[in-house]
Amino acid sequence: MSSDQTPAAPAVPDAAGPRPRRLTLAAVLAALEGFGLLAGGIWMAVLAVTGEPDDRQQAVTGGVTLVVLALVPLLAARGLFARRSWSRGPAVITQLLALPVAYNLLQADSVAIPAGIALAVVAVAALVLLIHPETTRALDIRGPGNAGT
């Protein structure tokens with residue numbers, strides 16, 4: 001088979017080239033959120049076992065839930081670092097879910113307000129980075145109607 005007859009390889013982002021800084025920052029922010037969820041889940045589960053919660057089963061379930069939820073942004077961050085196009089979806093969804101959580105933290109009359117501010121800043125910054133055209137190109141994501149080009 002000659003080189004004229006071999007099918008062309010699909011267009012894939014240049015993995016050998018440098019990763020765009022925006023993509024790296026988005027991955028770092030997603031990983032930061034994932035590690036935050038993981039730490040919160042572990043802390044909640046440990047307090048449920050060693051402390052005296054009102055409902056031990058509910059506290060353990062909450063801790064385990066946070067640990068499992070931490071997998072979404074952590075896997076998305078890993079995919080963003082590896083320049084996998086599938087990873088942008090879970091990363092964007094994580095940010096969209098973080099915004100109402102940040103709003104609720106901001107409504108609290110406690111030390112949760114700084115956490116709400118930090119979460120809101122991280123979520124908005126990550127969203128801006130994830131939808132930036134440079135990130136879209138680096139992940140080889142094409143818009144509707146551009147799949148064949």
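Trainee: At the start of helix 2, which residue has a side-chain oxygen that reaches to the backbone nitrogen of Gln-57?

Mentor: Keep in mind that this is a predicted model. Helix 2 covers residues 56-81. At its start, the backbone nitrogen of Gln-57 has a side-chain oxygen within 3.3 Å, and that oxygen belongs to Asp-55.

Trainee: What does helix 2 reach from its first C-alpha to its last?

Mentor: Helix 2 has 26 residues, and at 1.5 Å a residue the expected value is 38 Å. The model is close to that, with a reach of 38 Å.

Trainee: Which helices do the buried residues of helix 2 pack against?

Mentor: The buried residues of helix 2 include Ala-59, Gly-63, Ala-70 and Pro-73. Ala-76, Ala-77, Gly-79 and Leu-80 are also among them. Their packing partners are helix 1 (21-50), helix 3 (88-107) and helix 4 (112-131).

Trainee: Is the crossing of helix 2 and helix 3 left-handed or right-handed?

Mentor: The two axes come within 8 Å and cross at roughly 135°. Helix 2 is therefore oblique to helix 3. Contact is made by Val-72, Pro-73, Ala-76 and Leu-80 of helix 2 with Arg-88, Pro-90, Ala-91 and Thr-94 of helix 3. As for its hand, the crossing is left-handed.

Trainee: Is Thr-136 buried or exposed?

Mentor: Thr-136 lies in helix 5 (residues 133-138). Beyond its neighbours within four places in sequence, Thr-136 is in contact with Arg-88, Leu-130, Ile-131 and Ile-141. Its relative accessible area is 16%, and the cut-off is under 20%, so Thr-136 is buried.

Notes:
Residues are numbered from 1 along each chain as its sequence is written. This is a predicted model: local features need pLDDT of at least 70, side-chain atom pairs count only at pLDDT 80 or more; totals for chains, interfaces and linings use all residues. Side-chain values use heavy atoms; hydrogens and water are left out. Helices (H or I, at least four residues) and strands (E, at least two) are DSSP runs, numbered from the N terminus. The expected span of a helix is 1.5 Å times one less than its number of residues. Buried means under 20% relative accessible area, exposed over 50%, partly exposed in between (1.4 Å probe, protein chains only). Contact means heavy atoms within 4.5 Å. A polar contact is a pair of N or O atoms within 3.5 Å; within protein, one must be able to donate a hydrogen and the other to accept it, and residues adjacent in sequence count only if both atoms are side-chain atoms. Axes are lines fitted to C-alpha atoms, for helices over the stretch in contact, and angles run from 0 to 180 degrees between N-to-C directions. Angles under 35 degrees count as roughly parallel, over 145 as roughly antiparallel, 65 to 115 as roughly perpendicular and the rest as oblique. A crossing is left-handed if the near helix is turned anticlockwise from the far one by less than a right angle, and right-handed if clockwise.
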